[in-house]
Amino acid sequence: MLSGVCARLASALRGTRAPPSAVALRCLHASSSRPSADKSERTEKPPRAFDQALLEFLVCPLSKKPLRYEASTNELINEELGIAYPIIDGIPNMIPQAARMTHQNKKQEEVEQH
């Protein structure tokens, strides 16, 4: 995809009289210096593991409480709110909209039991 964009950029620059910008020159240089890899040539890398040392610094963006790592589901869990943030390729997705509900809120459960 990038090579196609750079090729169009190169053909557009050839038709102009103004000197190409530095960004355009870098794009052209990068596309010509790197061979395009075929899908068969690419090697599949295993997904990166989550570095649990990050738990010391990461907190839930909603409650600001510490999170628990669940290795079986590869998620960061907020027990208080009952939500789980996915970890994709070793990187936690801490966007609240990306979180899934793990269980109903404890207060709701208590109300339903009475």
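Read along the sequence, the protein chain runs α-α-β-β-β-β-β-α. That makes three helices and five strands, where helices (H or I, at least four residues) and strands (E, at least two) are DSSP runs numbered from the N terminus. This is a predicted model, in which local features need pLDDT of at least 70 and side-chain atom pairs count only at pLDDT 80 or more, while totals for chains, interfaces and linings use all residues. Residues are numbered from 1 along each chain as its sequence is written, and side-chain values use heavy atoms, with hydrogens and water left out.

**Whole chain**

Start with the surface on display. The protein chain exposes about 9,100 Å², and carbon and sulfur atoms supply 57% of that area; accessible areas come from the Shrake-Rupley method with a 1.4 Å probe, and for residues only the protein chains shown count as cover. Of the 114 residues, 18% are buried. Buried means under 20% relative accessible area, exposed means over 50%, and partly exposed is in between (1.4 Å probe, protein chains only). Among contacts between residues at least 6 apart in sequence, 25% join residues at least 24 apart; contact means heavy atoms within 4.5 Å.

**The core**

Select Phe50, Cys60, Leu67, Tyr69, Leu76, Ile83, Tyr85, Ile87 and Met94. These nine residues form the largest nonpolar core, a nonpolar core being a set of buried Ala, Val, Leu, Ile, Met, Phe, Trp, Tyr and Cys residues joined through side-chain atoms within 4.5 Å. Strand β3 (residues 83-88) gives the most to this core, with three residues. In soluble globular proteins, nonpolar side chains tend to be buried together.

Next, centre on Leu76. Not counting residues up to four places away in sequence, leucine 76 touches a set of residues that includes Phe50, Leu67, Tyr69, Ile83, Tyr85, Ile87 and Met94. Leu55, Leu58, Arg68, Ala84 and Pro92 are also among the residues that leucine 76 touches.

Show β2, residues 75-78. Which residues lie on each side of β2? Glu75 and Ile77 are on one side, Leu76 and Asn78 are on the other, and all are buried. In a regular strand the side chains alternate between the two faces of the sheet.

Turn to β1 (68-70). β1 and β2 run antiparallel and are joined by three bridges; two strands pair if DSSP finds at least two bridges between them. Tyrosine 69 stands opposite leucine 76 in β2. The two strands form a hairpin with four residues between them.

Asparagine 74 has a positive phi of about 55° although it is not a glycine. At 26% relative accessibility, asparagine 74 is partly exposed.

Now look at the pairing of β2 with β3. These strands also run antiparallel, with four bridges between them, and isoleucine 77 stands opposite alanine 84 in β3. β2 and β3 form a hairpin with four residues between the strands, where glycine 82 takes a positive phi near 70°.

**Asparagine 78**

Select Asn78 in strand β2. Is asparagine 78 buried or exposed? With a relative accessible area of 1%, asparagine 78 is buried. Leaving aside neighbours within four places in sequence, asparagine 78 is in contact with Cys60, Ser63, Leu67 and Ile83.

Two polar groups can be picked out around this side chain. The side chains of serine 63 and asparagine 78 are joined by a polar contact of 2.9 Å, a polar contact being a pair of N or O atoms within 3.5 Å; within protein, one must be able to donate a hydrogen and the other to accept it, and residues adjacent in sequence count only if both atoms are side-chain atoms. The backbone nitrogen of glutamate 80 lies 3.0 Å from a polar atom of the asparagine 78 side chain.

**The loop between α2 and β1**

Move to serine 63, in the loop between α2 and β1. Not counting residues up to four places away in sequence, serine 63 touches Asn78, Glu80 and Leu81.

Lysine 64 is found in the loop between α2 (22-33) and β1 (68-70). Lysine 64 has a positive phi of about 65° although it is not a glycine, and is exposed, with a relative accessible area of 55%.

End at leucine 58, which lies in the loop between α2 and β1. Leucine 58 is partly exposed, with a relative accessible area of 21%. Leaving aside neighbours within four places in sequence, leucine 58 is in contact with Phe50, Pro66, Leu67, Leu76 and Pro92. Leucine 58 and proline 92 are 34 residues apart along the chain, and their C-alpha atoms are separated by 9.4 Å.
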